[in-house]
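Subject: The structure for you to look through

Hi,

Here is the structure I said I would pass on. Have it open while you read, and my notes follow below.

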Amino acid sequence: MTTSRTAPTSQSAPTNQPVAALSYLMAGQVHAHDRRTERFTEADRQHYLDLLSALFVLCADRRFRRDDHGAVIRFVASVRERFDPDRTLVDPVIAENLLLAALGGHETLPATAENITVQTLLTVALVSDEQPSPAGYAALLREVDAMVTPASPVG
């Protein structure tokens, strides 16, 4: 939601590392996630941000109705309580605006470090609340990857 996709050149095509990193993040394996992201090329980093944004939009759309601002506010409060007890990582205004943008009710926010951090925590909470099975995680990753990865031309 905070990034726009730019087509990689043939010299900088992303690897499968972004999908692997996102799968570790969704499974709560933060150290494995961080090890993957440390090895990203610039194309991998962009692909990862695209995957994260697509997952965020998909899960937000599943969770909320576009006009239910109260549910968004309550969800953000719960995320802050669960993932940010010191109230230093999740700015509630940014979090609410990111969710509303994902639902089409607010302008898209720029891809700043703070916005990406908030979006990541919101995404983790959205996926965690869905409580997918291992097969559900895999299906969610395939769906998100298909959303952002251009199909190969039929030859």
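The buried residues of helix α1 are covered by parts that include α2 (30-38), α3, α6 and α7. Here a helix is a DSSP run of H or I with at least four residues, a strand is a run of E with at least two, and both are numbered from the N terminus. Contact means heavy atoms within 4.5 Å. Helix α1 spans residues 17-26 and is mostly covered, with 7 of its 10 residues buried. "Buried" stands for under 20% relative accessible area, "exposed" for over 50%, and "partly exposed" for what is in between (1.4 Å probe, protein chains only). The buried ones in α1 are Gln17, Pro18, Ala20, Ala21, Leu22, Leu25 and Met26. Just after α1 comes Gly28, with a positive phi of about 80 degrees.

A word on where this comes from: it is a predicted model, so local features need pLDDT of at least 70 and side-chain atom pairs count only at pLDDT 80 or more, while totals for chains, interfaces and linings use all residues. Residues are numbered from 1 along each chain as its sequence is written, and side-chain values use heavy atoms, with hydrogens and water left out.

Now the whole chain. It has 7 helices and 0 strands, and reading along the sequence gives the pattern α-α-α-α-α-α-α. The chain has 155 residues, of which 42% count as buried. Take the contacts in the chain with a separation of 6 or more: 73% of them are between residues 24 or more positions apart.

Next, how do helices α5 and α6 cross? The axes of α5 (residues 92-102) and α6 (residues 113-130) come within 10 Å and cross at roughly 70 degrees. That makes α5 roughly perpendicular to α6. For the terms: axes are lines fitted to C-alpha atoms, for helices over the stretch in contact, and angles run from 0 to 180 degrees between N-to-C directions. Angles under 35 degrees count as roughly parallel, over 145 as roughly antiparallel, 65 to 115 as roughly perpendicular and the rest as oblique. On the α5 side, Ile94, Ala95, Leu98 and Leu99 make the contact, and on the α6 side Glu114, Asn115, Val118, Gln119, Leu122 and Leu126 do. Sorted by class, the residues of this contact are 7 nonpolar, 2 polar and 1 charged. Nonpolar covers Ala, Val, Leu, Ile, Met, Phe, Trp, Tyr, Cys and Pro, charged covers Asp, Glu, Lys and Arg, and the others, Gly among them, are polar.

Helix α4 also meets α6: their axes come within 10 Å and cross at roughly 95 degrees. So α4 is roughly perpendicular to α6. Phe75, Val76, Val79, Arg82 and Phe83 in α4 touch Leu121, Leu122, Val124, Ala125, Leu126 and Asp129 in α6. This contact has 9 nonpolar, no polar and 2 charged residues.

Then there are the rings. How many aromatic pairs does a search of the whole structure find? It finds 2. Rings of Phe, Tyr and Trp (its six-membered ring) pair if their centres lie within 6.5 Å; planes under 30 degrees apart are stacked, over 60 edge-to-face and the rest tilted. Phe40 and Tyr48 form a tilted pair, 5.6 Å centre to centre with 50 degrees between the planes, and both are buried. Phe64 and Phe75 have ring centres 5.5 Å apart and planes at 70 degrees, so that pair is edge-to-face. Phe64 sits in the loop between α3 (42-63) and α4 and Phe75 in helix α4, so the pair ties together parts 11 residues apart in sequence. Phe64 is buried at 7% relative accessibility, and Phe75 is buried at 2%.

Arg87 has a positive phi of about 60 degrees although it is not a glycine. Arg87 is in the loop between α4 (69-83) and α5 and is partly exposed, at 42%. Gln131, also not a glycine, has a positive phi near 50 degrees. Gln131 lies in the loop between α6 and α7 (134-148) and counts as exposed, at 67% relative accessibility.

Cheers
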